[in-house]
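Please view the sequence and the structure together.

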Amino acid sequence: MRKYIDYNYYLTNKKRIDLILKYKIYKNNKLYLKEMINNDYIINNIKLDKEQKQALYTDEINTLVLASAGSGKTLTICAKVKYLIENNINPKEILVLSFTNNSVNDLKNKINEDINIYTFHKLAIEILSDYNTYYSLVNDYLEYIIKEIFLSICKSISEEDLSYFVREISSFIKLFKSYNINRSYLSKISRNNKMLKLIEKIYDIYSDELNSQGLYDFNDLIMNTCKLIKYKGFKRYYKYIIIDEFQDISLERYNLIKLIKESCSSKIFCVGDDFQSIYRFSGSSIDMIINFKKYFGYTKIIKLTNTYRNPIELIKTSNKFITKNPYQIRKSIKSKKSINKPIKIVYYIKNINIKLKKILDSLEGEVLILSRNNNIDYILDKELTLDKDLIYYKDRVFNFKTVHKAKGLESNNVILLNLNNSNYGFPNKIDNELQKKILPKNKYLYEEERRLFYVALTRTKNNIYLLVDKENPSIFVKELLYNSKKHIEVINL
């Protein structure tokens, strides 16, 4: 029976690979995939499509699956694990990684196999325990130190100002550590800058406190795990490493994966969507998914282009919108669903609350309300109330999320807020001057805001309602109307 040949095996075991052998491997794998893809593969009563099956049966040393929004990313990961176990891979030799506890728990429930499924930080904790390394993990200790230092300097500082400085400085230090930047760089950029000089002092005090008490924060956790693996080797064995949401990878997480991969000669299977890379502010680097081969070497790239969530009219609009970013991977996304004008614009003039209620009154069933930021007091009143992530209106309850927290979610209908042209609108125009000292420059104006808007558009299974300030509309809404007017309906409520 024909088998898939790992092309990289020959690259690793020979100094060079001749063209004849290269062609034979290519031809073998093409025929193998053709044979296998003709067979049905079913998981959770769902048949995989051809592209999903290509991802399933491909067995290169490095595989990157570019999964469009709603294309069955999680289904493909679950199928990959099931298929590997069916083909006699020891479940304990499969490592699955994702970025949040919620996504890890979702994968555990759907995979339902005795394999290691972790967040990156949980993996680091597990590895440290292999070496009997003892430490205490701290989460908000940095914020505590910043607060104490500010109170000692400015005894009359307001609570609002204190909260602002604590938030900004802690974000900067965490980002600085996540990029693993040399301490000397902090001294360099702090010259003639009083705020950065203060941050430098806080950073040193914080570092000394952690070191003297044997404490780790979340950045130390991964960094020190990497140091330990380099010094003492890796005690586990993983034949396959599967990474979900790869577009969110950061340098520190990449370093950890690279060490494990090299220690075990693991095969790596990454799934992600560069269109949805929206965590640059916390250290993620879109360059790692766009230039995957630069970081991992020879790679088979597979695109999942069938979406089972969005109507084709919305796909055409959102795809045209996101590819205004030059630094994205082009994808031809398809859908069998069709809805005439799934993007609904509802204008308001100072009466957003009334318009929102009218939209809610017109909809039945599941609704997801999204906002660029957490501040939605302006839409609330006695009838429309918020409790945690739930909005209550009459006898109904709606989910509310910021767009960042909505990634991975979907709903029958979506309502999007914050669509005005201001610093705190959508796109958000506030440049964090501190973070700019660390983050690589955007290659295009509002590059990440554009990806965030794309995430918002693609949460809906049916229609998305854009609540737009008529006197000061978002530039993104203006662009949609200019480029995709035939898929948009302006409705009067």
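## Surroundings of His-487

Which residues does His-487 touch, not counting residues up to four places away in sequence? They are Glu-313, Lys-316, Thr-317, Lys-341, Pro-342 and Ile-343, where contact means heavy atoms within 4.5 Å. His-487 lies in the loop between helix H19 (475-484) and strand E18 (488-490); helices (H or I, at least four residues) and strands (E, at least two) are DSSP runs, numbered from the N terminus. At 10% relative accessibility, His-487 counts as buried (buried is under 20% relative accessible area, exposed over 50%, partly exposed in between; 1.4 Å probe, protein chains only).

## Basis of the values

This is a predicted model, in which local features need pLDDT of at least 70 and side-chain atom pairs count only at pLDDT 80 or more, while totals for chains, interfaces and linings use all residues. Residues are numbered from 1 along each chain as its sequence is written, and side-chain values use heavy atoms, with hydrogens and water left out.

## Salt bridges

A salt bridge is a side-chain nitrogen of Lys or Arg within 4 Å of a carboxyl oxygen of Asp or Glu. By this rule the count comes to 35.

In one of them, Lys-73 pairs with Asp-244, the closest N and O atoms being 2.9 Å apart. This pair links distant parts of the chain, 171 residues apart: Lys-73 belongs to helix H4 (residues 73-86), and Asp-244 to the loop between strand E8 (240-243) and helix H12 (251-264). Asp-244 is buried, at a relative accessible area of 3%. Both residues join Glu-245, Asp-248 and Lys-407 in a network of salt bridges.
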